[in-house]
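The sequence and structure come first.

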Amino acid sequence: MSFLIRNRSMIYLLSFLFITYTSIPATTHIDPVFEPYIRFIPNSMFNLIDDSHLVVKLGIIKDKEVVAFCAKEYNLLGTLTRRLIVFDKDYWDGFSYTKRQLTLIHEFQHCLFDKKHDETLRLDGCPRSLMYPTVLSQACIDRHYEDYLLQLL
Ligand SMILES: [Zn+2]
């Protein structure tokens, strides 16, 4: 399970092999609320997403340090059976369009492509990668938005 957290330089990258989201269907379902944020993704990638047994939804995450997370479930043979991204509704409500979008894409990178965190900074102090372990500041998003966004593609 990979968490995107709010604070400072805290780094959480936790992996749980077995989780108990038993109510989640094994078919891809992305809550329509996210649709405007992922519209830019090309159809070829959506085919992959359709086959990935991915559920993306808003929820209440009890640990208020956690903004969003990706969880994967495996069967006893080690085959990945489903993936889940939960975005905390309180953070969602408080985030700008671009911060919502890049946070979502960050979790897609974990869940679909097994991307790990990257703490490298640019010369201007902004993270080089969308996979920085904490939520990007709005100033850095505004400065490097397109570059971050295109890191998914
Ligand atoms: Zn992360």
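Is R128 buried, partly exposed or exposed by its relative accessibility? At 43% relative accessibility, R128 is partly exposed; buried means under 20% relative accessible area, exposed over 50%, and partly exposed in between (1.4 Å probe, protein chains only).

## Basis

This is a predicted model, in which local features need pLDDT of at least 70 and side-chain atom pairs count only at pLDDT 80 or more, while totals for chains, interfaces and linings use all residues. Residues are numbered from 1 along each chain as its sequence is written, and side-chain values use heavy atoms, with hydrogens and water left out.

## Zinc site

H106, H110 and H117 coordinate the zinc ion through NE2 at 2.0 Å. Donors are N, O and S atoms within 2.8 Å of the metal (3.2 Å for Na, K and Ca); water is not among the atoms, so sites may look incomplete. The spacing of the donors along the chain is H-x3-H-x6-H. H106 lies in helix α4 (residues 97-113) and H117 in the loop between α4 and α5 (138-150), 11 residues apart. Helices (H or I, at least four residues) and strands (E, at least two) are DSSP runs, numbered from the N terminus.

H106 is buried at 2%, and H117 is buried at 18%.

## Salt bridges

There are nine salt bridges, each a side-chain nitrogen of Lys or Arg within 4 Å of a carboxyl oxygen of Asp or Glu. One of them joins K72 and D114 at 2.1 Å, N to O; K72 is in strand β4 (residues 66-74) and D114 in the loop between α4 and α5, 42 residues apart. K72 is buried at 12%, whereas D114 is partly exposed at 44%.

R128 pairs with D118, with the closest N and O atoms 2.6 Å apart. D118 is buried at 16%.
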